[in-house]
Amino acid sequence: MPQSLGVDIGGTKIAVGLVSADGNVERRIAVPTPARDGADAIIAALLGAARSVMAGTQIVACGVGTAGVVGGHGEITTATDLLRGFGGTPLAARLAEALQMPVRVLNDVQAIGLAEARLGAAQGHESALIVAVGTGIGGALVRDGQVIPGAHGIAGSVGHLPAVLRQGRICSCGVPDHAEAYASGPSLEAEYRRRTGEALDLRAIARRVGQGDIVARAVITEGAEVLGAAIGGANNVVDAAIVVVGGGVAALGDVFFEPMRIAAEREALGASMSVRLVPVRFGPDACLVGGGLAGLDAVS
């Protein structure tokens with residue numbers, strides 16, 4: 001079975017592996033992302049890992065899922081300071097030249113959507129809204145197994161919809177009161193710290209819920225309800241058949257998922273109230289698998 005090089009570029013690590021059409025990943029490695037050192041350093045780290053993984057193999061293409069907004073030619077049109085100096089990088093062209101193979105680049109949540117639509121939680125559904133809740137909140141649309149990027153590569157960006165709460169919290173994009181400013185991991189941690197004076201990571205806050213901490217439950221529930229409302233409203237626009245949610249925050253389980261589901265259903269219109277919100281199948285590998293599938297698409 002032919003394989004492609006799958007790549008997942010995140011703010012803290014770059015993962016690479018050999019991906020086959022059935023979603024199997026082999027020879028996976030991860031290296032730290034030199035996020036503060038600019039595009040050249042990021043590409044150098046990626047290529048070093050890629051050459052290690054590809055040694056002695058016959059790879060037909062490369063597919064990348066990356067943080068940032070991706071243009072129609074695989075260029076990074078914009079990126080936040082999470083990847084400093086990455087915006088404006090012709091990533092697909094540079095990798096194709098270095099690796100001497102076809103390269104396709106997607107946004108990371110678009111790559112997750114590709115994996116989940118073809119092989120994962122959205123398989124068998126005509127359309128899906130994909131949401132990733134972690135350090136930020138990203139989204140993507142897929143239909144008939146293909147990503148729908150939209151006119152500017154941002155279709156499905158649920159995290160940047162207006163939040164139902166209007167408390168002046170600033171989103172990572174610089175705009176106040178987006179859903180991301182209330183429901184991302186750092187936002188939940190900051191709100192717990194504001195209410196209690198304790199600086200805890202999100203998993204510790206979630207454990208506090210199980211110990212009866214009413215503030216911890218209130219903070220997580222509030223963030224989940226803000227995101228759920230945004231998802232429900234978004235799906236009134238796109239009318240997807242299923243909503244698939246992943247990322248580190250969603251991995252908290254029912255403590256986050258249940259209030260999110262209830263809020264989404266409350267905002268839903270008519271029959272869309274029956275649309276299921278489900279977790280990703282591929283977990284943290286979803287972006288890597290989706291990148292690999294995108295690479296195989298480039299030579300199909």
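**Exercise 1. Work out which residues sit at the centre of the largest nonpolar core, and which elements build it.**

Step 1: A nonpolar core is a set of buried Ala, Val, Leu, Ile, Met, Phe, Trp, Tyr and Cys residues joined through side-chain atoms within 4.5 Å. Buried means under 20% relative accessible area, exposed over 50%, and partly exposed in between, with a 1.4 Å probe and protein chains only.

Step 2: look at the members. The core has 41 residues, and those touching the most other members are Leu 129, Val 131, Leu 227, Ile 231, Val 245, Phe 256 and Met 260.

Step 3: Helices (H or I, at least four residues) and strands (E, at least two) are DSSP runs, numbered from the N terminus. Two or more residues each come from β8, β9, α4, α5, α6, α7, β11 and α8. Helix α7 gives the largest share, 9 residues.

Step 4: zoom in on Ile 231. Contact here means heavy atoms within 4.5 Å. Skipping neighbours within four places in sequence, its contacts include Leu 129, Val 131, Val 243 and Met 260.

A word on the source: this is a predicted model, where local features need pLDDT of at least 70 and side-chain atom pairs count only at pLDDT 80 or more, while totals for chains, interfaces and linings use all residues. Residues are numbered from 1 along each chain as its sequence is written, and side-chain values use heavy atoms, leaving out hydrogens and water.

**Exercise 2. Is Ser 127 buried or exposed, and what does it touch?**

Step 1: locate Ser 127, which lies in strand β8.

Step 2: check its accessibility. Ser 127 is buried, because its relative accessible area is 5%.

Step 3: Beyond four places in sequence, Ser 127 touches Val 142, Arg 143, Asp 239, Ala 240, Ala 241 and Ile 242.

Step 4: look at polar atoms. A polar atom of the Ser 127 side chain lies 3.1 Å from the backbone nitrogen of Ala 241.

Methods: A polar contact is a pair of N or O atoms within 3.5 Å; within protein, one must be able to donate a hydrogen and the other to accept it, and residues adjacent in sequence count only if both atoms are side-chain atoms.
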